[in-house]
Amino acid sequence: MKKDHEELYAQYEQEFPLALLQEIQSKVPADISQEKLQRVLAGVHDVYVKSKVSPGECVGLVSAESIGEPGTQMTLNTFHFAGVSEMNVTTGLPRIIEIFDARKDIKTPMMEIYFKEPHNKKVEFVRSFAAGLKETVFSDIVEEYTLNIFDQVLRVSFNASLLEDFDLEVKEIVKQIKLKSKGFELSHTDKDISFLHKGKPEELKSLYLLKEKLRNVMIKGLKGIRQVLPVKRGDEFVVLTSGTNLKDVLQMKEVDGARTLSNDIHEIHAVLGIEGARQAIINEVYKVVEAQGLNIDIRHIMLVADIMCASGNVKGITRYGVVSEKASVLARASFETPIKHIINAALEGEVDYLTSVVENVMINQPVPLGTGLPGLVTKMK
Amino acid sequence: MEKAIVYKKIKAISFGVLSPKMIQDMSAGKIVTPELYDREGYPVDGGLMDTRLGVVDPGLVCKTDGLKLKESLGHFGYIELARPVVHIKFVKTIYDLLKATCRGCNQVMIPTQHLKKQISVLDEVRVEQGFEAGRRKIKEIIKKYLAKDKCPHCEAKQEKIKLEKPYNFYEGETRLSPIEVRARLEKISDDELSIFGFRPGEFRPEWMILTVMQIPPVTMRPSITLESGERSEDDLTHKLGDIVRINQRLFENINAGAPEVIIEDLWDLLQYHVTTFFDNEVPQLPPARHRGGQVLKTLATRVSSKEGRIRHNLAGKRTDFSARTVISPDPMIELNEVGVPQRIAMTLTVPERITEWNKEYLKEFVQRGPKLYPGANYIIKPDGRRKAITDDTKKEILEELVPGYIIERHLINGDIALFNRQPSLHRMSMMCHSVKVLPGKTFRLNPAVCNPYNADFDGDEMNLHIPQTEEARAEAKILMLVETQLISPRDGLSVVGCIQDAITGNYLLTKELVLSRQEAVDLLYNCGIDDLSALPDKEKLDGKDVFSVLLPKNFNFSGKDKSGNDVKIVHGILKTGYMDKANLGQESGLMLRNLYEQYGPKSTSDFLGKVSKLGITVLSRRGFTIGIGDMDLLENTYDEIQQTIAKAEAEAYSLIDDFQAGKLEPLPGRTLAETVELRILEALNRARNKSGDLTMKQVKESTAVVMAKCGARGNPLNIAQMAGVVGQQALRGKRIEHGYHDRTLPYFKKKDLSPNAHGFIRNSFKSGLTPSEFFFGAMTGRDALMDTALRTPKSGYLYRRLSNAMQDLKVEYDGTVRDASGRIVQFSYGEDGLDVSRTQNGVVDVMTVIHNVVGEIKRS
């Protein structure tokens with residue numbers, strides 16, 4: 001790039017959003033003359049200024065309409081197969097509702113785990129990594145529990161092929177479960193473990209309880225990851241998981257933390273902070289909108305994400321979330337549970353300064369939005 | 001002359017609890033008797049219908065303000081309760097207060113040094129995060145100190161306070177009567193109130209126990225006279241009657257020194273009646289009923305829910321000067337117009353003020369009167385009185401008309417109207433049209449505006465509103481006119497566009513028609529074009545030439561059509577490409593968007609109107625029809641499709657064989673049974689898609705294919721289903737599995753995995769379906785129907801929540817987006833401050849600018 005061009009661009013740096021400036025830079029022919037570039041920049045500036053929002057524009061309602069109106073066109077089908085080798089995903093309206101409600105437990109928590117170079121190109125590595133992620137509990141690998149009443153022994157025999165699959169050895173398992181089986185004497189072969197009850201011989205129940213306790217002992221993997229699936233994305237391999245554990249996954253050194261994603265907004269908030277949550281809301285909603293073949297401008301989704309995150313916490317668009325934070329008593333009352341709001345307002349002596357929309361509609365006054373915002377002063381002669 | 005009008009603006013509304021003294025001071029009278037009327041039918045003094053509380057009968061005068069029916073707003077009264085009673089809505093707060101204060105010294109059980117700190121913390125939270133966060137903080141604070149069973153001030157041992165719902169308090173095992181509760185609340189000092197969130201000076205906790213009760217004005221609970229002459233009282237009056245009656249009996253019993261048990265019983269009954277007066281839906285109480293068993297509608301019921309005061313009467317308004325009827329299409333009227341039946345035009349009116357200059361003109365309307373169109377229905381005199389124009393009064397009115405009078409004249413062409421179709425999901429659901437009075441009984445609208453309203457003509461009805469003031473008309477015309485709403489703020493693309501016939505017509509015109517000069521001129525004149533200078537001077541005219549006449553002279557455009565071919569317009573002449581949905585339709589191509597940007601709303605809507613007229617005219621002259629023959633396929637296409645299906649079926653069978661033989665490799669993360677299902681489904685869907693492609697590729701042009709190609713109606717899949725094969729019916733992304741044990745229908749063998757046993761329809765709609773195929777088709781049809789029925793309320797609720805949460809967000813003068821309390825939500829709207837409806841699909845059009853400066857750039 002020529003030097004004087006750079007100066008010109010620098011002049012406009014403050015005027016344009018960065019993306020727009022970059023777009024001009026990439027689209028303008030490289031051999032453009034100084035004078036013509038000046039004209040292009042001035043021209044784009046004109047267009048840009050003309051395209052800016054007018055003050056007083058009720059952008060909130062426009063966004064609500066833009067998202068609400070196509071809602072009727074979205075499918076309700078919760079589960080949907082995108083091709084053969086993908087997983088179940090909540091899409092369509094249910095997913096949108098789930099995100100906007102800021103639900104704590106979502107229907108299909110998922111992660112997409114990317115890897116750093118050069119791991120992302122190696123099938124074998126990705127496959128074994130994936131297998132290691134899956135939360136494996138004791139009972140997953142057990143073939144049979146045998147309770148010997150006379151000897152007071154619980155014998156657990158493992159499925160050899162599963163052990164191989166998970167790359168586990170009985171020795172390791174014994175280490176994992178030792179803590180959980182206090183009061184029992186352990187002995188193992190390479191196929192099974194036996195627990196001998198040390199205490200009074202009559203108490204069969206404790207052996208049974210031990211069995212139940214052992215069932216859910218985690219042997220391998222990360223908590224919460226129920227299902228793993230290595231897939232090819234472009235020229236690299238990624239792992240899709242059902243169930244999430246972002247915190248632990250990000251700590252693994254082979255994982256590319258910059259691209260690895262979870263679809264649980266609250267988890268992202270806890271791990272990456274509120275800006276991460278805001279971006280996650282935008283991405284997740286946009287993904288659904290795109291999959292449904294709808295065209296909703298990203299700005300509308302941004303605004304919803306922003307209002308959900310404005311308080312520093314992820315708040316749902318519900319009567320307990322965003323709506324409860326409104327300053328106006330009447331606005332809150334007109335949404336849901338009006339009596340509760342009015343009683344509380346009365347007790348605390350709240351004052352409604354009629355700054356938003358519904359209150360003014362109620363008392364037949366102009367709404368302070370759009371053309372209702374400016375006043376007109378005339379000089380009477 | 002006109003009354004001096006006092007303009008007042010409400011600045012704020014404050015909420016609070018009335019003190020007993022306030023209730024007495026503001027009341028118009030004390031109610032002492034449950035009787036309503038005396039023997040003559042007049043309201044009894046001191047009764048519930050006392051005329052001091054306002055009037056609901058014609059002829060009576062309110063004793064408080066001396067006004068008549070409908071003039072008097074009504075006044076509150078009060079009754080003195082014989083014993084105090086708990087207000088049901090404050091029970092929770094009372095409970096919290098009792099728990100948090102000492103039974104001995106009545107101080108809040110927070111050590112003094114902590115109290116100050118907590119109050120300041122609370123204030124901070126309130127200022128920073130609002131009332132709701134403050135409320136949560138209060139609960140937190142109270143909970144923190146609650147666990148102690150010893151008062152930090154007087155060291156008195158505390159008993160556990162229990163609330164037996166709905167309104168009985170117990171301390172340990174002994175019951176606290178409302179008198180005792182009140183006594184405790186009275187002793188809480190003002191200084192300590194703020195820790196509970198109350199404002200000292202404005203509120204006393206003992207007011208939450210009622211000693212006197214307000215009686216709402218009569219106007220709030222009007223009685224109705226039935227046809228039989230019998231009076232029927234409002235539910236509230238019934239309830240109040242109960243309260244007053246029990247209250248009196250309680251008084252009498254107390255004065256007579258009746259046994260405590262009887263007094264307790266009556267007291268409880270009074271408590272019950274007062275409670276149900278406020279809220280008749282308290283979970284633990286049996287609701288108060290009419291004699292017939294119908295539940296009484298008391299105060300809380302009146303306020304809440306969708307039919308309640310707030311959402312129905314306060315947030316929702318009703319209007320005069322509106323009409324509703326069936327809609328039907330009229331492609332010959334402008335986009336901006338709405339066809340209004342004459343009968344409606346003669347009922348709806350526009351007020352016009354007489355001046356020196358329009359006096360004669362307006363007199364003509366009066367002369368014609370209400371029965372002749374265009375006439376006038378009413379006049380409004382300068383003193384505000386309204387007079388109907390009839391044959392008798394006409395002459396008199398004509399004589400007295402002077403400037404200053406207002407005439408309510410009939411609608412005439414060019415009047416401003418708002419047109420709306422429910423559900424009003426976005427702002428384009430209510431647009432401004434100019435009236436065109438037409439014969440007939442339906443509203444007429446240009447089919448191009450069907451899309452923003454989401455209207456069709458299968459019996460849809462729409463509403464019309466006539467703005468009555470100059471301000472309203474100006475605002476409607478400038479902000480809401482159809483042509484100003486062409487670009488959707490949702491995606492920055494056009495929401496209106498040609499539909500159906502208009503698209504087909506233009507497609508055929510630009511694709512294949514060659515016209516003689518005479519035909520072309522005739523055609524153009526028919527769509528309202530009389531300037532034919534743009535038509536090339538040739539005897540044989542190409543359809544593109546005809547179309548180009550409509551384009552502005554210096555319009556340049558290059559884009560793609562629906563099938564991906566280039567469309568190029570140079571200097572207002574269509575050089576290459578066909579006009580189809582991609583460029584003429586709504587929500588797609590950028591041609592309309594470009595036109596709008598360069599030539600403004602007026603010419604875009606003109607253009608659109610003319611283009612759709614042109615398309616329709618072309619089509620009706622050329623002739624365009626569809627029949628069963630259009631579904632015919634060429635011999636070899638048909639064979640090919642049959643082969644494709646046969647191959648897919650064979651593939652499915654071999655998969656099943658493999659599966660049964662255990663030779664199938666499972667897909668990662670799936671069981672064998674799932675794998676075979678998926679692969680069969682995939683194979684069959686592939687076959688269906690392929691047969692769709694084959695159908696569209698066949699050389700024989702049928703009208704159905706033309707429509708699908710240009711996007712007017714239908715898609716390749718529809719045609720393939722009619723002509724080739726209907727294909728696999730899928731339920732929830734799977735083949736059909738429902739029905740009997742191990743099979744879908746008793747017609748099949750158990751565990752049959754074959755395509756036709758799980759909903760594969762190998763026939764086409766034309767060849768006809770077998771019974772089992774038909775049944776599978778009906779299954780998916782029902783599923784789709786249910787999906788829609790379940791979706792509508794869900795998405796409706798989502799929309800309501802979104803709009804309620806975001807309605808007060810606006811862009812401030814500094815470019816930030818803020819909510820009503822001034823809290824910043826975004827520093828710059830959408831991160832770049834762009835208005836979506838002023839961009840092209842959300843981006844600033846850099847290319848055009850560069851284009852204009854540098855000239856044509858070769859596309860890499």
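**Strands, chains and helices**

Me: Which residue is the bridge partner of V351(A) in β1(B)?

Reply: The partner is S14(B). This is a predicted model, where local features need pLDDT of at least 70, side-chain atom pairs count only at pLDDT 80 or more, and totals for chains, interfaces and linings use all residues. Residues are numbered from 1 along each chain as its sequence is written, with chains lettered from A and ligands numbered from 1 in the order in which they are written.

Me: What makes β13 of chain A and β1 of chain B a pair?

Reply: Pairing takes at least two DSSP bridges between strands (E runs of at least two residues). Two bridges join β13 (residues 351-352) of chain A to β1 (residues 13-14) of chain B, so the strands pair; they run antiparallel.

Me: Why are α13(A) and α14(A) called oblique?

Reply: Angles, from 0 to 180 degrees between N-to-C directions of axes fitted to C-alpha atoms over the stretch in contact, count as roughly parallel under 35, roughly perpendicular from 65 to 115, roughly antiparallel over 145, and otherwise oblique. Helices α13 (residues 274-291) and α14 (residues 298-309) of chain A pack at about 140 degrees, with axes 9 Å apart, and are therefore oblique. Helices here are H or I runs of at least four residues.

Me: How many residues does each chain give to the contact between A and B?

Reply: Chain A gives 99 residues and chain B gives 90, where contact means C-beta atoms, placed from the backbone, within 7 Å. On the chain B side, the largest share, 14 residues, comes from helix α24 (residues 771-806).

Terms used. Contact = placed C-beta atoms within 7 Å.
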